[in-house]
Amino acid sequence: MSRSNKKGPFIDSKLMKKVLAMSASGKKSPIKTWSRSCQIPPEFVGFTFQIHTGNKFAEVFISEGMVGHRLGEFASTRTFRGHGAIVKRTMEKT
C-alpha cells in the first residue's frame, strides 16, 4: 500500500541535511545510509550513496531516472547463487 498524498513522500531529514550541506560545499564524497525506505527527491541527483544491504554497503550513483523511487530498490539484499549444478547423466546399459 502506498503512502498517503496528504503526508507526502518520506525523505529522511538527516540525509537531506547531508545532501544540502555537500551541495553548498561543493564536495561529492559518498554518503553512507541505512535508510533504504527513503524516497529519492530531485536534490539527490548527482550524488553517490552507500546503501546498507544487511552486511555491506552498495555504492549507488543517483541519476534523474531514479527520482521517485526508493533507495533500497537499487541495492539488492540477496545474492543469486544459481539454481544448482548441472549434472551430466550417462546412459548406462545393463
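The model is a predicted one. Three strands make up an open sheet in the order β1-β2-β3, with mixed pairing. Two aromatic pairs are found, and two lysine side chains place their charged ends over phenylalanine rings, namely Lys28 over Phe47 and Lys32 over Phe57.

**Sheet architecture**

- Strands β1 and β3 stand at the edges with a single partner strand each, so one side of each has no neighbour in the sheet.
- From one strand to the next, the twist averages 25°.
- Strands β1 and β2 are parallel and are joined by three bridges; Ile31 has Phe49 in β2 as its bridge partner.
- Strands β2 and β3 run antiparallel and are joined by five bridges.

**Burial of strand β2**

- Strand β2 is mostly covered, with five of its five residues buried.
- In a regular strand, side chains alternate between the two faces of the sheet.
- Thr48, Gln50 and His52 point one way from β2, whereas Phe49 and Ile51 point the other way; all are buried.

**Aromatic pairs**

- By the ring-centre rule, the count is two aromatic pairs.
- Trp34 and Phe57 form an edge-to-face pair, because their ring centres are 5.1 Å apart and their planes lie at 85°, over the 60 degrees required for that class.
- This pair links distant parts of the chain, 23 residues apart: Trp34 lies in the loop between β1 (31–33) and β2 (48–52), and Phe57 lies in strand β3 (residues 57–61).
- Trp34 counts as exposed, at 56% relative accessibility, while Phe57 is partly exposed, with a relative accessible area of 28%.
- Phe44 and Phe49 form a tilted pair, with 5.0 Å from centre to centre and 40° between the planes; both residues are buried.

**Charges over rings**

- The charged end of Lys28 is 4.3 Å from the centre of the Phe47 ring, over which it sits.
- The charged end of Lys32 sits over the ring of Phe57, 4.6 Å from the centre of that ring.

How values were computed: Residues numbered from 1 in each chain as written. Predicted model: local features only at pLDDT ≥ 70, side-chain atom pairs only at ≥ 80, totals over all residues. Heavy atoms only, no water. Phe/Tyr/Trp six-rings, centres within 6.5 Å; stacked < 30°, edge-to-face > 60°. Helix = DSSP H or I, 4+ residues; strand = E, 2+ residues; numbered from the N terminus. Buried < 20%, exposed > 50% of the residue type's maximum accessible area, 1.4 Å probe, protein only. Lys NZ or Arg CZ within 6 Å of the ring centre and 35° of its normal. Pairing = 2+ DSSP bridges. Axes fitted to C-alpha atoms, helices over the stretch in contact; angles between N-to-C directions.
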